[in-house]
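Have the model open as you read, and take the points in order.

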Amino acid sequence: MYIYEKAPAKINLMLDVLHKRQDGFHEVEMVMTMVDLADRLTLSDPGSSRISLSSQSGYIPLDDKNLAVKAARLLRQRFGINRGVHMHLEKRIPVAAGLAGGSSDAAAALRGLNRLWELGLSMAELEELGAELGSDVPFCVRGGTALATGRGEKLERLPNPPRCWVVLAKPPINVSTADVYGNLKAAQIENHPSASGMKDALERGSFGDVCGGLGNVLEDVTLKLYPGVGRLKKVMENLGADGVLMSGSGPTVFGLAAKEEKAKRICNGLRGFCEEVYAVRTLG
Ligand code: ATP
């Protein structure tokens with residue numbers, strides 16, 4: 001028996017950091033939504049208690065460092081399971097890109113193993129387990145669109161944005177989320193994007209207001225470390241994207257376009273400037 005799980009990438013429509021907490025984590029407010037660029041995870045019973053992972057990608061660890069393997073080990077330990085799993089991960093989401101690829105794989109592993117090992121866990125229980133694996137994992141368990149607060153684990157479900165095109169451009173650099181947060185001076189942030197403004201825009205279903213409310217306080221840090229990301233933003237703006245923002249800690253920059261024609265024009269315009277470009281849609 002094979003079990004298939006899709007692991008979509010996420011983008012941040014807004015990301016704010018309120019302050020650094022005593023426990024070292026940052027208190028955040030993020031509105032996240034899923035886009036139609038996904039890894040594919042296939043799970044099967046190996047007939048032994050072994051946990052193994054294969055992938056066509058040479059860019060990710062296949063051992064215990066992989067978040068999908070961590071998810072399997074966590075479930076097995078928590079519920080005293082002695083069954084194994086073989087997972088094959090077809091990796092399509094660029095790695096260390098600000099698109100939560102690893103978190104989405106971990107969430108897909110949790111959902112898939114819940115089925116394979118017949119654990120009967122609810123989505124809320126899987127979200128809680130996901131928080132032990134990473135701050136973005138709880139959101140990725142259910143996907144959709146949500147406001148995430150705390151360190152990212154407290155979720156309030158929101159309406160999906162109006163269906164639109166998302167042009168993702170990933171410059172050829174890998175950004176470490178830890179480095180970006182390490183360089184952030186939370187107390188000195190001057191312009192905070194508004195979570196309630198984005199919530200209102202989504203509740204009204206206004207594409208224009210979603211574009212107007214885009215904001216990410218990590219941009220300043222990443223743009224300082226990697227000026228090429230700022231140049232990429234400018235190019236996308238000049239190509240006429242309806243809204244442009246860096247996702248997560250970067251370096252991926254996305255441009256929103258209401259019309260397919262415009263999305264295509266942006267993709268063509270990026271040729272020669274950025275090699276890795278995807279035109280996808282929001283997942284409604
Ligand atoms: P986020 O937006 O949540 O910060 P990201 O998109 O920036 O995530 P990932 O693609 O999740 O970054 O990868 C971050 C690191 O995690 C990589 O350097 C990689 O070595 C490690 N990693 C562990 N498991 C995975 C996985 N299944 N897929 C991708 N990377 C993984």
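1. Start in the loop between β4 (85-90) and α2, where you'll find alanine 96. Keep in mind that this is a predicted model. Alanine 96 isn't a glycine, yet its phi is positive, at about 50 degrees. For background, most residues other than glycine have a negative phi.

2. Ala96 also turns up at the ligand: it is listed with Ala100, Gly102, Asp105 and Thr177 as the closest of the 20 residues that surround the ligand.

3. Which backbone atoms come up to the ligand's oxygen atoms? Glycine 102 has a backbone N or O atom 2.8 Å from a ligand oxygen, and alanine 97 has one 3.4 Å from a ligand oxygen. On the nitrogen side, a polar backbone atom of leucine 67 sits 3.0 Å from a ligand nitrogen atom. As for cover, the ligand on its own has 610 Å² of accessible area, and the protein covers 79% of that.

4. Now look at the helix pair. Helix α1 (residues 67-79) packs with helix α2 (residues 101-116) at an angle of about 35 degrees, and their axes are 7 Å apart. The crossing of α1 and α2 is right-handed.

5. Who meets whom there? From α1 come Leu67, Ala68, Ala71, Ala72 and Leu75; α2 brings Gly102, Ser103, Asp105, Ala106, Ala109, Leu110 and Leu113. Sorted by class, the contact of α1 with α2 has 9 nonpolar, 2 polar and 1 charged residues. Gly102 and Asp105, listed here for α2, are also among the closest residues to the ligand.

6. One last stop: the loop between β9 (243-246) and β10 (253-257), which holds proline 251. The peptide bond joining glycine 250 to proline 251 is cis, with omega about 5 degrees. Most peptide bonds are trans.

Conventions
Residues numbered from 1 in each chain as written. Predicted model: local features only at pLDDT ≥ 70, side-chain atom pairs only at ≥ 80, totals over all residues. Heavy atoms only, no water. Axes fitted to C-alpha atoms, helices over the stretch in contact; angles between N-to-C directions. Helix = DSSP H or I, 4+ residues; strand = E, 2+ residues; numbered from the N terminus. Left-handed = near helix turned anticlockwise from the far one by under 90°. Contact = heavy atoms within 4.5 Å. Nonpolar A, V, L, I, M, F, W, Y, C, P; charged D, E, K, R; others polar. Near = heavy atom within 4 Å. Polar contact = N/O pair within 3.5 Å; in protein donor to acceptor, adjacent residues only side chain to side chain. Areas by Shrake-Rupley, 256 points an atom, 1.4 Å probe, with all protein chains shown as cover.
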